[in-house]
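Have the sequence and the 3D view open side by side. We will walk through the chain one region at a time.

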Amino acid sequence: MLRLSTLAVALTSALALVTGTAATASAAPDRAPATVEPVAWTPCNPDPSKPDPKIYDCAIYPVPLDYAHPSGEKIGIAMMRRRAGNPAKRIGSLFLNPGGPGGSGYLWATTTRFEPRVTDSFDLIGFDPRGVARSNPLKCFTTDEEAAAVFDRAVGVPVTRDEISGTLAADKDYTDACARNAGELVKHMSTMNVVRDLDRMRQAVGDTGLTYAGFSYGTLIGATYANMYPDKVRALIVDGNVDPQLRLHNGLEYDRQRATGFELALGEYLRRCQAAGAPRCAFAGPDTRAKFDALRDHLRTAPVTLPDGSTVTLSTFTSQVANALYAQSRQAPLARSLQALHQVVNPQQTLGAAPSAEEAKLLATPAPAALREAPADTPYSSDDSYYAVNCQDKPFPPAPQLFPLVARAWELESPTFGRYQAFDAPPCATWPAPALTSERYTGPWNRRTATPVMVIGNTFDPATRYAFAQRMQQELGNAVLVTVDVVEHCAVGRSAALTTLVTAYLVDRAAPRPGQLLKPDADAFPA
């Protein structure tokens, strides 16, 4: 424990060095030109394999690469518009962002999360932020093979000395590749620049005020916009919230609290599983938590080989558990996979009908990366916007060797997700393009908007814990919090009661009554 206390002091000192004055001073909000070019829309079909519904348009909108030189080099932002269903009642545009960072929002113009009254009243506009998917994607590699040669050496939840050293070496090779290949864009990927782009797009579609719904990391885009351009906000929903103040000032502490959020969600998932009982929750037992912990701790010492020869590792197991906590629809299937793995590890405890070993295979593969809708049309089919944004927004100590000690400290309070979360950040310790102070918005967060911001938080959101939503509401100058009692990430479209509030807010700008606790439409373990 003494060593961990010493670690805390060392990390605090290192963080102070890397954040410098950027942690206490923010760039002055800039103003876009008095006029911008309108968007040049052309008809498009979101899914060419199906008949064209003839309600969509697409565009590539140019924005400055570097806002310090607004007349200089431009990059393109890919936009898709679903035209308002009732042009006579059209209010304006509803911009959407799914999060990430690095999430592709282009096809979110096709979302079904909103009621017809919303889709009749607004053009739905999805877009890929700068560096993402179709919008001048930021690429650290030239081919998928080159990327695999680096990423395949990294372990998601490294435990042994060799796993840790190999992962840190791969992380350094990754950031070296970004320095070689990412170009000038890597210097200009902060959320502040995304918000500058968004304000230009707002003007370019002819809206005098922004109507916006942002999810997960998209809540930081929304909060930043509300404070850079408070007089330009018409209505703004943030669902699955970050804590802006913490995220922009202390990346390490933010990630530690993210780990505890995952742990809280897992604990509630297991509690609800046990309450539902078998067969509704296949993994239920007299002590479901102890049963889960035994599986995790077994995997810490050795992987489990399934009858078909596939292997469940601590990394694949942890990523799939985290992935299932994001959505109620994945939680009953996860319970069956956990029970199947339990039976492989403890064959003598199998009683009666139960999931087959085949169902454990889910836990043998890493969870897929989310929100990557862009077609694989280049030799390197991904992009590296996730770290490009995070490493410019979130200050971390520039010392990769500290992260193994961080992992040891965090897993004491978050035994499933502490190490998992700690090893997400090391690339930021050697990232080749720390953000300029002029490109990081770090506050203030309390500028007042005419319409209250609608903040939505789930009681057991794994990725953006409920305390973050509470802080978002407190930090913003004019906001109201609505709560949904569910283990899931984000809530819009998952609760009829919430949908009613969302519709009234977006269309009528009717702020919800504070303090409401809503229920989701579905149960993770239906009867």
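**A walk through the helices**

Start with a pair of helices. The axes of helix 10 (residues 314–325) and helix 11 (residues 331–345) come within 9 Å and cross at roughly 155 degrees. Angles over 145 degrees count as roughly antiparallel. Helix 10 and helix 11 are therefore roughly antiparallel to each other. Their crossing is left-handed. Which residues make the contact? Helix 10 supplies Phe317, Gln320, Val321, Ala324 and Leu325. Helix 11 supplies Gln331, Leu334, Leu338 and Leu341.

Keep in mind that this is a predicted model. The mean pLDDT of the chain is 92, and 91% of its residues reach 70 or more. Two stretches need care. Over residues 1–6 the pLDDT is below 50, and this stretch has six contacts in the model beyond near neighbours in sequence. Residues 12–25 also have a pLDDT below 50, and there the model shows 21 contacts beyond near neighbours in sequence.

Now return to helix 11. It also meets helix 9 (residues 288–301). How do their axes cross? They come within 11 Å and cross at roughly 60 degrees. This crossing is left-handed. On the helix 9 side, look for Lys291, Phe292, Leu295, His298 and Leu299. They meet Leu338, Gln339, Leu341, His342 and Val345 in helix 11.

Next, find helix 4 (residues 161–181). It has 21 residues and reaches 30 Å from its first C-alpha to its last. That is close to the 30 Å expected at 1.5 Å a residue. Which of its residues are buried? They are Ile164, Thr167, Leu168, Ala170, Asp171, Tyr174, Thr175, Ala177 and Cys178. Their cover includes helix 3 (144–151), helix 12 (385–393), helix 13 (403–413), helix 14 (418–422) and helix 15 (426–429). Just after helix 4 comes Gly183, with a positive phi of about 75 degrees.

Finish in a loop. His489 lies between strand 11 (479–484) and helix 17 (496–508). Is His489 buried or exposed? Buried means under 20% relative accessible area. His489 has 12%, so it is buried. What does His489 touch beyond residues up to four places away in sequence? Its contacts are Ser216, Gly240, Leu325, Tyr326, Asn458, Asp461, Pro462, Ala463 and Thr464. Take Pro462 as an example. His489 and Pro462 are 27 residues apart in sequence, and 6.3 Å apart in space, C-alpha to C-alpha.

Methods. Residues numbered from 1 in each chain as written. Predicted model: local features only at pLDDT ≥ 70, side-chain atom pairs only at ≥ 80, totals over all residues. Heavy atoms only, no water. pLDDT = per-residue confidence, 0-100. Contact = heavy atoms within 4.5 Å. Helix = DSSP H or I, 4+ residues; strand = E, 2+ residues; numbered from the N terminus. Expected span 1.5 Å × (residues − 1). Buried < 20%, exposed > 50% of the residue type's maximum accessible area, 1.4 Å probe, protein only. Axes fitted to C-alpha atoms, helices over the stretch in contact; angles between N-to-C directions. Parallel < 35°, antiparallel > 145°, perpendicular 65-115°, else oblique. Left-handed = near helix turned anticlockwise from the far one by under 90°.
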